[in-house]
Amino acid sequence: MSLAVVGVAIVTAVGKVKTWIVTAFDKAKEWVVAIVIAAAVAAVGKAKGWVFAAVGKATGWVFAAVGKAKGWVFAAVGKAKGWVFAAVGKAKKWVVATIGKAKESARQYKGGLYVFLTCIVVIVDGLLFGYNIGISGGVTTMNGFLQWFFPTVFEKIRQRLESNYCKYNNQGLIAFNSSSYLGALVASLVASLVTKKYGRRVTIICAGLNLLVGAVLNIAFTYLFILFLGRIMLGFGTGFEEQAVPLYLSEMAPVHLKGIIGSIFKLAIKLGTFIANVVNYRTKRLDYSGWRISIGLTGVLALFVTMGAILLPETPKGLIEQGKREKGKIILAKIRGTDDVNTEFEDMIHASDLANSIEHPFRKMLERRNIPILVMAIFMPAFKILTGMSFILFYTPVFFQSIGFGENASLYCSVVIVAVMVVSAFISIVTVDRLGRRVLLISGGIQMILCQIIMAIILGLKFGDNQSLSKGYSALVVVVLCLFVLAFEWSWEPPSDKVLDEIFTPETELAGKIIKVVVDFLFTFIIAQISLSMLCSLKFGIFLFFAGCNIIMTLFVYMLVPETKGVPIEETTFLWKNHWLWKRIVPA
């Protein structure tokens with residue numbers, strides 16, 4: 001009985017405890033929910049206040065930043081405008097003064113006929129050289145050309161079967177551009193020997209004939225194999241031309257006109273590239289024959305160069321090297337317009353004998369005292385190509401079409417960019433001898449790095465396979481590319497060549513110039529070969545690649561290139577002996 005009473009009591013107690021626990025849990029649950037809701041409401045209220053406050057402050061910062069940025073942009077544009085007008089004004093004065101000096105020197109100089117013919121041939125040859133560089137990029141965007149030779153590329157573009165960046169990534173189309181520079185590379189290996197054995201004039205005639213034959217093969221036949229053969233022939237002509245024309249110019253021009261004629265030649269190259277882009281812009285409107293006209297004009301210029309070289313005599317120094325000294329003296333008297341040439345002729349003989357006395361010039365370059373010169377001869381022309389300027393020259397129309405520009409708009413923008421290149425060439429002539437080589441190389445490198453990073457950011461954020469550039473950003477892309485071209489032309493185009501001209505000693509000059517030309521064409525061929533594939537795979541990152549090359553290039557100049565401005569050739573040894581690194585390599 002007692003056990004039953006105890007059991008009932010325990011069950012009753014457990015029931016009450018259970019009821020109390022459930023009641024307490026329900027009340028606790030209500031309190032917890034109430035507390036959580038109150039806390040959440042309070043937190044949301046505070047967060048809302050914080051968000052509005054933060055947004056208010058951020059808006060204030062953004063408007064303030066935009067206001068300041070707007071002020072900076074207008075100030076920068078104003079300053080840039082002032083700099084450009086000032087530079088153009090100086091360039092204009094320089095051109096007027098140069099023309100005045102040229103006229104005065106021409107009046108005083110009696111060998112006027114030969115100087116006139118030399119200038120004409122130099123101008124046409126410079127136009128030909130630049131035209132040959134600038135013509136291929138525009139031709140590869142012409143529908144008639146693509147339909148004849150690369151129909152798969154034409155269909156990809158027409159039907160939009162590929163990524164925007166990969167429209168022109170075709171190995172055959174790439175080979176069309178690069179094969180010319182492969183031919184130039186091969187020709188540059190033998191051009192110096194041909195020039196020395198057969199003379200400058202004969203080499204220029206060979207260059208003209210190769211260019212003429214190459215142009216005829218390109219426009220007369222529609223077989224892909226013949227197209228590539230013609231491009232290689234054009235490359236052979238370019239390689240011989242690069243070796244012989246500057247040499248002919250330096251040996252034929254009198255001392256007081258040499259600088260003027262040299263400047264005319266460099267400006268003619270830029271003008272030739274500009275003319276090529278203008279021609280492409282005009283012939284693009286012709287359905288199927290436009291590309292033939294563009295390439296065919298190469299043959300017309302080549303014919304003029306060949307005929308001019310036939311009319312001109314061999315240089316006196318070239319005749320001396322061939323053992324024809326008496327004839328060399330007669331030619332020197334004719335081109336100078338006087339018989340009083342004994343001193344100059346003896347200097348030529350001495351220079352020729354000195355050059356012939358140097359045995360194994362390439363072995364000389366490997367000697368410890370010449371290691372800095374060898375390094376400069378390899379890396380300066382290589383970095384010049386790796387700036388990205390060659391990509392711009394070769395593929396500007398292709399690049400603009402890849403990022404969404406229309407056919408005519410892409411060629412028109414190419415014309416604008418090359419026009420900036422021509423104008424900046426005048427600026428570089430004015431500044432190159434007023435500022436140090438290192439100042440120009442380093443400052444120009446920094447400007448190019450900034451331009452390429454800006455290009456990568458614009459394309460990375462505002463352009464993609466399913467995204468096109470707005471008109472504002474398209475205009476900004478053109479402006480940034482123009483600034484890049486301007487930076488290259490006034491900083492790296494003349495000074496890099498000046499540095500090499502100022503460090504080559506008599507025993508290293510021949511080998512150094514050959515190495516420079518070979519490296520130039522080698523890296524030009526590499527960039528022409530890989531650029532479109534890089535554009536397809538890296539997309540906007542191609543500009544980051546070139547920016548990285550420019551960073552390395554600028555560091556190279558800062559750390560390893562001494563200032564050569566105003567240093568006589570006989571004192572260049574002290575440049576290396578006073579340098580922190582080269583003094584450890586060059587023997588004391």
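Analyst: Start with exposure. Buried means under 20% relative accessible area, exposed means over 50%, and partly exposed lies in between, using a 1.4 Å probe and protein chains only. This is a predicted model, where local features need pLDDT of at least 70, side-chain atom pairs count only at pLDDT 80 or more, and totals for chains, interfaces and linings use all residues. Residues are numbered from 1 along each chain as its sequence is written, and side-chain values use heavy atoms, with hydrogens and water left out.

User: Why is E344 called partly exposed?

Analyst: E344 has 27% relative accessibility, so it counts as partly exposed. That value falls between the 20% and 50% limits.

User: What makes E344 and R336 a salt bridge?

Analyst: A salt bridge needs a side-chain nitrogen of Lys or Arg within 4 Å of a carboxyl oxygen of Asp or Glu. The N to O distance for E344 and R336 is 2.8 Å, so the pair qualifies. R336 has 9% relative accessibility and therefore counts as buried.

User: How many salt bridges are found in the whole structure?

Analyst: The search finds 13. One of them joins E493 and K384 at 3.6 Å, N to O. E493 lies in helix α19 and K384 in helix α14 (residues 371-386), so the pair ties together parts that are 109 residues apart in sequence. Helices here are DSSP runs (H or I, at least four residues), numbered from the N terminus. Both E493 and K384 are buried.

User: What ties helix α19 to helix α17?

Analyst: E502 forms a salt bridge with R437, with the closest N and O atoms 2.5 Å apart. E502 sits in helix α19 and R437 in helix α17 (residues 437-462), so parts 65 residues apart in sequence are tied together. Both E502 and R437 are buried. Elsewhere, salt bridges that share partners join K270, K384, E489, E493, D497 and K516 into one network.

User: Why is P495 called buried?

Analyst: P495 has 0% relative accessibility, so it counts as buried. Its place is in helix α19 (residues 493-503). Leaving out residues up to four places away in sequence, P495 touches V432, L440, L441 and W490. A contact means heavy atoms within 4.5 Å.

User: How do you know that C166 and C536 form a disulfide?

Analyst: A disulfide is a pair of cysteine sulfur atoms within 2.5 Å. The S to S distance of C166 and C536 is 2.0 Å, so the pair meets that limit. C166 lies in the loop between α4 (151-159) and α5 (171-198) and C536 in helix α20 (residues 509-538), so the pair ties together parts that are 370 residues apart in sequence. Both C166 and C536 are buried. C482 is in no disulfide, as the nearest cysteine sulfur, that of C413, is 8.5 Å away.

User: What makes the link of E251 and T315 a polar contact?

Analyst: A polar contact is a pair of N or O atoms within 3.5 Å; within protein, one must be able to donate a hydrogen and the other to accept it, and residues adjacent in sequence count only if both atoms are side-chain atoms. The side chains of E251 and T315 are joined at 2.7 Å, so the distance is within the limit. E251 is buried, with a relative accessible area of 8%. Its place is in helix α7 (residues 224-252).

User: How many helices and strands does the protein chain hold?

Analyst: The protein chain has 22 helices and zero strands. Strands would be DSSP runs (E, at least two). Buried residues make up 48% of its 588 residues.
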